[in-house]
Amino acid sequence: MTKDSTVTVYSTQQVKRARIAVAAVFTVHGAVTGSFATRVPWIQDHAGVSAGQLGLALAFPAIGASIAMPLAGRISHRFGARTALRGLLALWTLALILPALAPNLLTLCTALFVYGATAGMSDVAMNALGVEVENRLDKSIMSGLHGMWSVGALIGSAAGTVAAHTATDARTHHLIAALVLTALGLIACRNVLDIQSHPDEEPPPRFTLPPKSALIIGAVGFCAVFAEGASLDWSAVYLRDVLDSSDGLAAASTTAFALMMAVARIAGDRIVDRFGAVRTVRTGGVMATTGGLLVVFAPSPAAAMCGFGLLGLGVAVVVPLAFAAAGRSGPNPSQAIAGVATITYTSGLIAPSAIGSLAEATSLVVSFGVVTVLAFGLVLGAGVLRSADRKVTGSAVGEGTTTKSAAGG
């Protein structure tokens, strides 16, 4: 999908249906993650791995995603955006079956590598189509799409919690979930936009370094995802160990952070449309920095919970806007999005362990001081997301029809 891609005319109603369809795809994608996360303890017991070995295995989804993401653009070029997304999403939903089948560490690492590779490729494909729909509607939708991913993760987690509570075998649970989600994903993909590359267009390389624009945009995404990963994994520990709160209150801090992120993403599109991507991210950076300072200097658990809530609000829309900016930053949206996604996945991978290592060497307070510095990086770097602000480059063709190139250029 590039600026040389075949231009397709869609009616306004078709584009609106495509928005609903891609939102459903995001929800399905999130539901797979939620379904897996709730059964990790069962998978650990079944594979017979220690906590340290499990930590090693859980690095493989990010490794698989980082390696496979650049392939998404080539697949979309070869088969078209709709067919590519349909196939990649089905591979991702079906990959949910694999980890629960693993009997040992080696097979678990292999299963999680495949799980991450299919997750990453489908992630790139659906974000590229999300940017395309946003271009054609000429209104911000990426934040809301990522909000629907969070909704899907909550749905998958709720179903997984019920399955775990009833002692359902994870192999049975994940088989049923995979089949249901695969069917829903295939139905949703019927109405996404079908962007075709020009027959004479050079296919993107199988593997390549991210373009410079993606590296710069990805650096901003790195700051946001690092703060997100650190807060999700360590907020409860922070309240318990640093502020001596109860386990219940400590757990509530994580819930508060996740809830603020979901709310901000769902409401984020209207804010971005009104104030623009740069001002939104810069304001979010100020909020996240304030939240980080509140955490670091919190005199009580309640103050720290407010700080984590502000962190969640501040970083919530950054990644969706980073994907949107990447999709408009060069001639190959899928390649740029893959570059940004690789950087953000890497950030999510290293954040929890980096916070833990720094805390062991110093303290958790110092660790969240680093998070606060990275949050301030959003204030300084917001300007690189200027391309996330939409520019009308296509025009209506007849009444109720729109046309644009795949890159929205």
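This is a predicted model: local features need pLDDT of at least 70, side-chain atom pairs count only at pLDDT 80 or more; totals for chains, interfaces and linings use all residues.
Colleague: Let's begin with the overall picture: how many helices and strands does the protein chain have?
Modeller: Of the 409 residues in the protein chain, 53% count as buried. The accessible surface comes to about 16500 Å², and 66% of that belongs to carbon and sulfur atoms. As for secondary structure, the protein chain has 17 helices and two strands.

Colleague: Among contacts between residues at least 6 apart in sequence, what percentage join residues at least 24 apart?
Modeller: Contact here means heavy atoms within 4.5 Å. Among contacts in the protein chain between residues at least 6 apart in sequence, the share that joins residues at least 24 apart is 85%.

Colleague: Let's turn to helix H2: within what arc do its buried residues fall, seen down the axis?
Modeller: Helix H2 covers residues 40–47, and its buried residues are Val-40, Ile-43 and Ala-47. They line one face of the helix, because seen down the axis of H2 they fall within an arc of 60°.

Colleague: Which helices do the buried residues of H2 pack against?
Modeller: Just after H2, Gly-48 takes a positive phi of about 65°. The buried residues of H2 themselves pack against helices H1 (12–37), H3 (51–57), H7 (97–101), H8 (105–137) and H10 (170–189).

Colleague: Now the aromatic rings: how many residues apart in sequence are the parts that Phe-36 and Tyr-115 tie together?
Modeller: A search of the whole structure finds six aromatic pairs. In the pair of Phe-36 and Tyr-115, the ring centres are 4.9 Å apart and the planes stand at 40°, so the pair is tilted. Phe-36 lies in helix H1 and Tyr-115 in helix H8, so the parts tied together are 79 residues apart in sequence.

Colleague: Which residues form one aromatic cluster with Tyr-115?
Modeller: Both Phe-36 and Tyr-115 are buried. Trp-92 and Tyr-115 also form a tilted aromatic pair, with 4.7 Å centre to centre and 50° between the planes. Trp-92 lies in helix H6 (residues 81–95) and Tyr-115 in helix H8, so this pair ties together parts that are 23 residues apart in sequence. The residues that form one aromatic cluster with Tyr-115 are Phe-36 and Trp-92.

Colleague: How far from the centre of the ring of Phe-79 is the charged end of Arg-78?
Modeller: A charge sits over a ring if, for Arg, CZ is within 6 Å of the ring centre and within 35 degrees of the ring normal. The charged end of Arg-78 does sit over the ring of Phe-79, and its distance from the centre is 4.9 Å.

Colleague: Is Ala-167 buried or exposed?
Modeller: Most residues other than glycine have a negative phi. Ala-167 has a positive phi of about 60° although it is not a glycine. Its place is the loop between helix H9 (142–165) and H10. With a relative accessible area of 67%, Ala-167 is exposed.

Colleague: Which residues are in contact with Asn-127, leaving aside its neighbours within four places in sequence?
Modeller: Asn-127 has its place in helix H8. At 0% relative accessibility, Asn-127 counts as buried. Leaving aside neighbours within four places in sequence, the residues in contact with Asn-127 are Phe-26, Met-142, His-146, Phe-323 and Ile-337.

Terms used: Residues are numbered from 1 along each chain as its sequence is written. Side-chain values use heavy atoms; hydrogens and water are left out. Buried means under 20% relative accessible area, exposed over 50%, partly exposed in between (1.4 Å probe, protein chains only). Helices (H or I, at least four residues) and strands (E, at least two) are DSSP runs, numbered from the N terminus. The arc is that of the directions from the helix axis to the C-beta atoms. Rings of Phe, Tyr and Trp (its six-membered ring) pair if their centres lie within 6.5 Å; planes under 30 degrees apart count as stacked, over 60 as edge-to-face and the rest as tilted. Accessible areas come from the Shrake-Rupley method with a 1.4 Å probe; for residues, only the protein chains shown count as cover.
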